[in-house]
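Hi everyone, thanks for making time. Let me put the structure up on the screen, and then I'll talk you through a few parts of it.

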Amino acid sequence: VQAQMESGGGSVQHGGSLRLSCVFSSYTGAEWFMTWFRQAPGKEREGVAGIWRGSGDTLYDDSVEGRFTISRDNAKNTLYLQMDNLKAEDTAMYYCAAGPTFTTTADWARADKYRRWGQGTQVTVSS
């Protein structure tokens, strides 16, 4: 059974919007910080937005600041990523990640600092 599963990806035109969801099968404590990553073909996986489950405080990569909004519904064990004003360069496979092992917030966007991953959902933006 997948511990977490993404949905909501699809194909949109430049300037369009999509909302991704990530449902966690249960709360295990490893979800104290959750992050959306993306990976384009031939590129490294990069963190785009992260959120603390408790406080709701957020972190964003500069490339998506002001266009993407991360949020969570703790009662539903669900993580969201609202993506507006999408650009062609946002095209990638998007993953939700939990079980962070970083000891400094500066490492929040490093893929090697997470132990739990979903299977991903594809986002394609046409220009």
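I'd like to begin with the aromatics: ring pairs link W32, F33, F37, W52, Y95, F102, Y114 and W117 into a cluster. Do keep in mind that this is a predicted model. Across the whole structure, a search turns up nine aromatic pairs.

Let's look at two of them. Where in the chain do F33 and W52 sit? F33 belongs to strand β4, residues 33-39, while W52 belongs to strand β5, residues 46-52. The two are 19 residues apart, so the pair links distant parts of the chain.

How about burial? F33 has a relative accessible area of 0%, so F33 is buried. W52, at 23%, counts as partly exposed.

The second pair is Y114 and W117. Here the centres are 6.2 Å apart and the planes are at 65°, so this one is edge-to-face as well. Y114 is buried, at 6% relative accessibility, whereas W117 is partly exposed, at 22%.

While we're on rings, there are two arginines to point out. R45 lies over the face of Y95, 3.8 Å from the ring centre, and Y95 is one of the cluster members I listed. The other is R53, whose charged end sits over the ring of Y27, 3.8 Å from its centre. Hold on to R53, please, as we'll meet it again.

Now to the sheet. In general, strands of a sheet pair through backbone hydrogen bonds, either parallel or antiparallel. Which order do the strands take here? It's an open sheet of four strands, β1-β3-β8-β7, and the pairing is antiparallel. β1 and β7 are at the edges with a single partner strand each, so one side of each has no neighbour in the sheet. From one strand to the next, the twist averages 15°.

Let's walk across it. β1, residues 4-7, is joined to β3 by four bridges, and Q4 stands opposite F24 in β3. Next, β3 and β8, residues 78-83, pair over six bridges, with L20 opposite L81 in β8. Finally, six bridges join β7 to β8, where S71 stands opposite Y80.

Why do I call β3 largely enclosed by the rest of the structure? Five of its seven residues, 18-24, are buried, and buried means under 20% relative accessible area.

How values were computed
Residues numbered from 1 in each chain as written. Predicted model: local features only at pLDDT ≥ 70, side-chain atom pairs only at ≥ 80, totals over all residues. Heavy atoms only, no water. Buried < 20%, exposed > 50% of the residue type's maximum accessible area, 1.4 Å probe, protein only. Pairing = 2+ DSSP bridges. Axes fitted to C-alpha atoms, helices over the stretch in contact; angles between N-to-C directions. Phe/Tyr/Trp six-rings, centres within 6.5 Å; stacked < 30°, edge-to-face > 60°. Lys NZ or Arg CZ within 6 Å of the ring centre and 35° of its normal.
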